[in-house]
Amino acid sequence: MSSLAWLSHKLDDGRVACDACNQHCKLSEGEYGICGIRKVENGELILLTYGLAAAVNVDPVEKKPMFHFLPGSHIFSFGTVGCNFACKFCQNADISQYPKEHHHEIIGTPLPPEKAVELALEYGCRSIAYTYNEPVVFFEYTYDTAKLAHEAGLKNVYVTSGYETHKAIDTLAPYLDGMNIDIKAHTQEFYKDICGASLKPVLDTVEYAYKKGIWVETTTLLIPGLNDSDEEIRAIAEFQAALDPSIPWHISAFHPMYKMQDRPRTPHSTLKRAYDIGKAAGLKYVYVGNIDDEDRESTYCPSCGQLVIDRKGYIGQYVTNHLTPKGRCPYCATPIAGVWN
Ligand code: SF4
């Protein structure tokens, strides 16, 4: 299935510029974008994965991870093949890198926007996540689905590497309620050598989406020896604290994946160290993930310190939300930032 990739414009030299992400591909007839799923055919940019899901699940929203967004609810989650990054540690490389590693082959199961919304409602979900691969590369598919989802009373979440252009965010913002944005590291070298991208546009997206009023949480996967120094962890935490200390920060454990088999798993001690650095930088909500640590997966009121959302078990298995319906601490009435209903 394919569709016009209308988030694009034509150039005077006959090429087509894609406006979806900060790779800013400028493509001639027959060329594919870096993501491998946008291609120029007959002078038009085409999205080759429109309505074709490569992975579909009903997940706890905590698994995205989104901890301050309808806690304890389910989120209908899907993604396609293709990605604008090439992270050597990708956990979903079988789909994200599929077209690039299979001579541009596109695979997926038909899931038109109407069907995605229908299934989300049928399974009792309160929201839809565009996830597993980078959602902005299948922008037009996410846009049509998100619009229908809003009409049906569902919210929408992007789980993203943060490479959206301002144009993509501006266009989708009326329908986009939440984003979990990876801040994969705080050095250009890491982004360039390990992900095939750049740091600055990612930090810009975090700031731009936040200022646009979209609910933002961020995630950093800590990889031993690559991005886990005190200085780098502190740089990420301080960037985020300067923007808003209420933005939740998820720090998660790496395990060997894809092209990165030469590194050990992240020790628990590293996550605890990062947690302490995040708190010392002033962040109100720091969470560890991919590891069993209930104390650091729960939410505490930043004013009175009481436990307000209790998370136990593997990623969102048991969530007890003690907040008032309006998202206030039940003990001292302090508002806890988030999307609660
Ligand atoms: S979405 Fe794909 S085609 Fe468009 S700029 Fe990004 S990598 Fe290039």
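Modeller: Go ahead, and keep in mind that this is a predicted model. To start with the layout, the C-alpha centres of domain 1 and domain 2 lie 26 Å apart.

Colleague: How many residues does the contact take from domain 1 and from domain 2?

Modeller: The bounds are 3-47 for domain 1 and 54-321 for domain 2. On the side of domain 1 that touches domain 2, the classes come to 10 nonpolar, four polar and two charged residues. The contact as a whole takes 16 residues from domain 1 and 22 residues from domain 2.

Colleague: Now the ligand. How does the shell around the ligand divide by class?

Modeller: Among the residues surrounding the ligand are Cys18, Cys21, Cys25 and Cys35. Cys counts as nonpolar, and so do Ala, Ile and Val, which covers Ala20, Ile34 and Val137 of the surroundings too. Gln23, His24, Gly33, Asn84 and Arg38 are also there. The shell divides into seven nonpolar, four polar and one charged.

Colleague: On to the helices. Are α8 and α9 oblique or roughly parallel to each other, and why?

Modeller: Helix α8 (residues 230-243) packs against helix α9 (residues 268-280) at an angle of about 45°, with 9 Å between the axes. Roughly parallel would need an angle under 35 degrees, and roughly perpendicular starts at 65. α8 and α9 are therefore oblique.

Colleague: Which residues of α9 make the contact with α8?

Modeller: The crossing of the two, α8 and α9, is right-handed. From α8 come Asp230, Ile233, Arg234 and Ala237. The α9 side is Ala274, Ile277 and Gly278.

Colleague: And α3 with α4: what classes do the residues of the contact divide into?

Modeller: The axes of α3 (residues 113-122) and α4 (residues 139-151) come within 8 Å and cross at roughly 40°, which means α3 is oblique to α4. Pro113, Glu114, Ala116, Val117 and Ala120 in α3 meet Asp144, Thr145, Leu148 and Ala149 in α4. The contact divides into six nonpolar, one polar and two charged.

Colleague: Backbone next. Is the peptide bond from Lys64 to Pro65 cis or trans?

Modeller: Pro65 sits in the loop between β8 (55-60) and β9 (74-79). Omega for the bond from Lys64 is near -5°, and that peptide bond is cis.

Colleague: Last one: what is phi of His104 near?

Modeller: His104 is in the loop between α2 (98-101) and β10 (109-110). Phi there is positive in a residue other than glycine, and for His104 the value is near 70°.

Technical notes:
Residues are numbered from 1 along each chain as its sequence is written. This is a predicted model: local features need pLDDT of at least 70, side-chain atom pairs count only at pLDDT 80 or more; totals for chains, interfaces and linings use all residues. A residue is near a molecule or strand if its C-beta atom, placed from the backbone, lies within 6 Å of it. Axes are lines fitted to C-alpha atoms, for helices over the stretch in contact, and angles run from 0 to 180 degrees between N-to-C directions. Helices (H or I, at least four residues) and strands (E, at least two) are DSSP runs, numbered from the N terminus. Angles under 35 degrees count as roughly parallel, over 145 as roughly antiparallel, 65 to 115 as roughly perpendicular and the rest as oblique. A crossing is left-handed if the near helix is turned anticlockwise from the far one by less than a right angle, and right-handed if clockwise. Two residues are in contact if their C-beta atoms, placed from the backbone, lie within 7 Å. Domain bounds come from an automatic or database domain assignment.
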